[in-house]
Amino acid sequence: MHENIARVLFSAEQIQTRVRELGRELNERLGDREDVVILGLLKGSVLFLADLVRSIDRPVKLDFAWVSSYGAGTESSGSVDLKVFPDGDLSRATVVVVDDILDTGRTLHAVKERLRRNYAAAEVQTCVLLDKQGRRAFPMEPDFAGFQVENVFVVGYGLDYGDRYRNLPYIGVLDDRRS
Ligand code: XMP
């Protein structure tokens with residue numbers, strides 16, 4: 001374990017098992033939809049998305065959007081900066097927005113609105129690895145969620161603190177004295 005991690009919440013094995021299940025759930029619930037775009041929010045979703053799509057047994061397109069809602073620390077900056085969105089026609093697509101964690105709901109709420117309003121996406125679904133349900137401030141429930149988490153700041157498997165710890169294979173809680 002990394003020296004700054006106080007405890008592990010989800011081990012690499014637990015994550016891999018749950019992500020494979022989520023992939024199977026997506027497969028089933030997407031039914032016979034033909035135009036499916038998996039849209040990862042950078043940077044936090046990258047590891048999750050890479051594992052998730054390998055458990056999805058159907059043709060999908062991959063795309064990414066650059067969205068930031070947190071600064072370098074653990075508190076929300078209060079606004080969502082939607083920087084780069086995909087090009088192309090989404091008017092016949094089912095877009096599955098993939099993010100690392102759903103916290104207040106501000107980010108996914110804004111992304112969903114934008115996809116509907118500016119891109120006229122036919123359908124938007126959301127898939128997050130972690131759901132901090134107790135923190136919700138915006139009307140947003142995920143269509144797919146890996147694990148519920150308590151109200152603690154977590155890092156690893158894509159999640160960062162000051163852009164560090166993303167490469168940890170597990171998800172853990174930072175030692176208070178370091179965060
Ligand atoms: P909202 O509040 O918009 O937050 O739902 C979603 C974004 O906030 C970041 N976030 C975290 N990042 N550990 C992190 O590394 C956390 O515990 C955490 N909680 C929220 C994350 O970028 C997510 O996309």
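Let me begin with a definition: a residue is near a molecule or strand if one of its heavy atoms lies within 4 Å of it. The structure shown is a predicted model, in which local features need pLDDT of at least 70, side-chain atom pairs count only at pLDDT 80 or more, and totals for chains, interfaces and linings use all residues. Residues are numbered from 1 along each chain as its sequence is written, and side-chain values use heavy atoms, with hydrogens and water left out.

I turn to the ligand. Around the ligand stand 17 residues, of which Thr 104, Gly 105, Thr 107, Val 154 and Asp 160 come nearest. By class, this shell holds 7 nonpolar, 4 polar and 6 charged residues; Ala, Val, Leu, Ile, Met, Phe, Trp, Tyr, Cys and Pro count as nonpolar, Asp, Glu, Lys and Arg as charged, and the others, Gly among them, as polar.

Next, the individual atom pairs. The side chain of Thr 107 places an N or O atom 2.5 Å from a ligand oxygen, and for the side chain of Asp 99 the corresponding distance to a ligand oxygen is 3.0 Å. A polar backbone atom of Val 154 lies 2.7 Å from a nitrogen atom of the ligand. The ligand taken alone exposes 500 Å², and the protein buries 93% of that (accessible areas by the Shrake-Rupley method with a 1.4 Å probe).

Which element gives the largest share of the shell? That is strand E5, with 4 residues (strands are DSSP runs of E, at least two residues, numbered from the N terminus).

Finally, Val 154 also stands opposite Val 173 in strand E9.

Notes:
Two strands pair if DSSP finds at least two bridges between them. A polar contact is a pair of N or O atoms within 3.5 Å; within protein, one must be able to donate a hydrogen and the other to accept it, and residues adjacent in sequence count only if both atoms are side-chain atoms.
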